[in-house]
Amino acid sequence: MKHFNASSLFILTLPAVALLFVGCSKSESDNPDTTLDVKAALKSGLVIRAGQCSATAFKNGSGVHVSGDGDTISGLSVNCTTQTSDKAKYTNYLTGITGYNQYCVSTVAGLNGVGAKVEPDPLPNNADHCLLSGKASKISGKLAKYP
């Protein structure tokens, strides 16, 4: 039966120790595939849009993309909050959109119910900013003038 001596053990462990010092062991957080920039759609809360509350106005919004079907939109700028679903409190969430004489207000659940999606999109000067997407004709039935 052969036994390893101290020099044999040193020779066998040296490569493993060297790999640790060189940094060949990677943590999961170092993998770019594990850090996806995914925005979770909101399930509850309140949505506010300043201005006219019609499908046409939503399609003509700045930065809005209208798909080939002429009704599906994405990128509609709105404000949103998960702090409340009480429409009467909408004025607390007008950061960046004050000064209008009309506001369109809905609940996130109401918009989700017609297939729309509300995603947080905070801006440096407006933490309540979100983006809304879905069928403009259905959104206009939910995101309506309030009060």
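User: What should I know before I start?

Analyst: This is a predicted model, where local features need pLDDT of at least 70, side-chain atom pairs count only at pLDDT 80 or more, and totals for chains, interfaces and linings use all residues. Residues are numbered from 1 along each chain as its sequence is written, and side-chain values use heavy atoms, leaving out hydrogens and water.

User: How many helices and strands does the protein have, and in what order do the elements run?

Analyst: Helices (H or I, at least four residues) and strands (E, at least two) are DSSP runs, numbered from the N terminus. Here you get four helices and seven strands, running α-β-α-β-β-β-α-β-β-α-β from the N terminus.

User: What share of the residues is buried?

Analyst: Buried means under 20% relative accessible area, with a 1.4 Å probe and protein chains only. Of the 147 residues in the protein, 32% are buried.

User: Which residues touch the most other members of the largest nonpolar core?

Analyst: A nonpolar core is a set of buried Ala, Val, Leu, Ile, Met, Phe, Trp, Tyr and Cys residues joined through side-chain atoms within 4.5 Å. The largest one has 20 residues, and Val 47, Leu 111, Val 118, Leu 132, Ile 139 and Leu 143 touch the most other members. Strand β3 gives this core its largest share, four residues. Apart from this core lies another, of nine residues, including Ile 48 and Tyr 103.

User: What is Leu 132 in contact with, beyond its neighbours within four places in sequence?

Analyst: Contact means heavy atoms within 4.5 Å. Among the partners of Leu 132 are Leu 76, Val 78, Leu 111, Val 118, Ile 139 and Leu 143.

Methods. Buried < 20%, exposed > 50% of the residue type's maximum accessible area, 1.4 Å probe, protein only.
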